[in-house]
Amino acid sequence: MGRQGERDRVVWTRVGGVQGGPLDLLTARIGRRHYAPHIHDQYAIGVTVDGLETMRYRGERVYSGAGSVVVIEPGEAHTGGPAREDGFAYLCVYPDPELLGAVLTDHPDPSPLWPHFREPIIGDLRLGEELRLAHRALRLGEDPLEGETRLLGVLGALVRRHARQGRPAEDPGRRGADARRIARSVAERLSGEVTAPPTLAEVAADLEMSRYQLLRTFRDVVGMPPYAWLAQHRVTRARALLDAGHRPAEAATLVGFADQAHLTRWFRRVVGVTPGAYRNSVQDGGGPRRAS
């Protein structure tokens, strides 16, 4: 069991051969940390193995106890942290949408639909145990075929038992076409000017909106304010630079953080480890990535 004040422990592992690109795995015990609001391009599919987790997802506070399966869809803003003083532990995999979409079709071509999960917390203890075993097999890497087979079996069972009608891959599932257009425009501009972003007043003026309208619309669609979206977007770009061999200080400058310390603060809040620990593990050939 977790102990009050116990240091957070986070291990990332990267494996190949399961999908077109590398598949990331997470093993973590969280005693005190609360993740900042962030999004993933992939599904985040995990199982709580000890304690009680709480997170904010789709405007609601939800809780996940031991054995529960947690599913976060791509592009959905969420937080995460311990619900009690003794913390919690969990395992997670981050499969690409196409890997889950393949369950919805009998054809080898990618499915135009992504599975949709109405509820993020799934009380399926048998599936949670199957996910734990798949995660272990992939992480240890002793038999890659076993790991791949177990994971695909888990994902197939998850979709068949608990997914609702799929949604088009290009449809983020948000309310209001105008609001989505505005949010997309803001995100594209921030992404395009990542090292010297415009002010809210400048963006709002170009969209013929007030700053308050802009903030409210963006938050309603994306789930976080523009500054937080930009910070996590910078983290994503910094992660790619670290993968390519850049030093943390270089990555911080290239993506627009004030300095390496600024990058480190946001990187830990979103990814759970320091940029240096992440980069070292990538250079080691995809082995475990431990928090420093």
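Trainee: How do the axes of helix 4 and helix 7 cross?

Mentor: Axes here are lines fitted to C-alpha atoms, for helices over the stretch in contact, and angles run from 0 to 180 degrees between N-to-C directions. Helices (H or I, at least four residues) and strands (E, at least two) are DSSP runs, numbered from the N terminus. In this case the axes of helix 4 (residues 177-192) and helix 7 (residues 226-243) come within 10 Å and cross at roughly 50°. Helix 4 is therefore oblique to helix 7; under 35 degrees counts as roughly parallel, over 145 as roughly antiparallel, 65 to 115 as roughly perpendicular, and the rest as oblique. The crossing of helix 4 past helix 7 is right-handed, where the near helix is turned clockwise from the far one by less than a right angle, anticlockwise being left-handed.

Mentor: Before you go on, a word on the model. It is predicted, with local features needing pLDDT of at least 70 and side-chain atom pairs counting only at pLDDT 80 or more, while totals for chains, interfaces and linings use all residues. Residues are numbered from 1 along each chain as its sequence is written, and side-chain values use heavy atoms, with hydrogens and water left out.

Trainee: Which residues make the contact of helix 4 with helix 7?

Mentor: Contact means heavy atoms within 4.5 Å. Helix 4 brings Ala 187, Leu 190 and Ser 191, and helix 7 brings Pro 226, Trp 229, Leu 230, His 233 and Arg 237. By class, the contact of helix 4 with helix 7 has five nonpolar, two polar and one charged. Ala, Val, Leu, Ile, Met, Phe, Trp, Tyr, Cys and Pro count as nonpolar, Asp, Glu, Lys and Arg as charged, and the others, Gly among them, as polar.

Trainee: And how do helix 7 and helix 8 cross?

Mentor: Their axes come within 9 Å and cross at roughly 140°, helix 8 being residues 248-255. So helix 7 is oblique to helix 8, and the crossing is right-handed. Arg 234, Arg 237, Ala 238, Leu 241 and Leu 242 of helix 7 meet Pro 248, Ala 251, Leu 254 and Val 255 of helix 8. That contact holds seven nonpolar, no polar and two charged residues.

Trainee: What span should helix 7 have?

Mentor: The expected span is 1.5 Å times one less than the number of residues. Helix 7 has 18 residues, so it should span 26 Å, and its end C-alpha atoms are 26 Å apart, which agrees. Its buried residues include Trp 229, His 233 and Arg 234; buried means under 20% relative accessible area, exposed over 50%, and partly exposed in between (1.4 Å probe, protein chains only). Just after helix 7, Gly 245 takes a positive phi of about 105°.

Trainee: Which residues have a positive phi although they are not glycine?

Mentor: Most residues other than glycine have a negative phi. Arg 58 has a positive phi of about 55° and lies in the loop between strand 4 (44-57) and strand 5 (60-65). Glu 208, too, has a positive phi of about 55°, in the loop between helix 5 (200-206) and helix 6.

Trainee: Is Glu 208 buried or exposed?

Mentor: Glu 208 counts as exposed because its relative accessibility is 76%. Arg 58, at 32%, counts as partly exposed.
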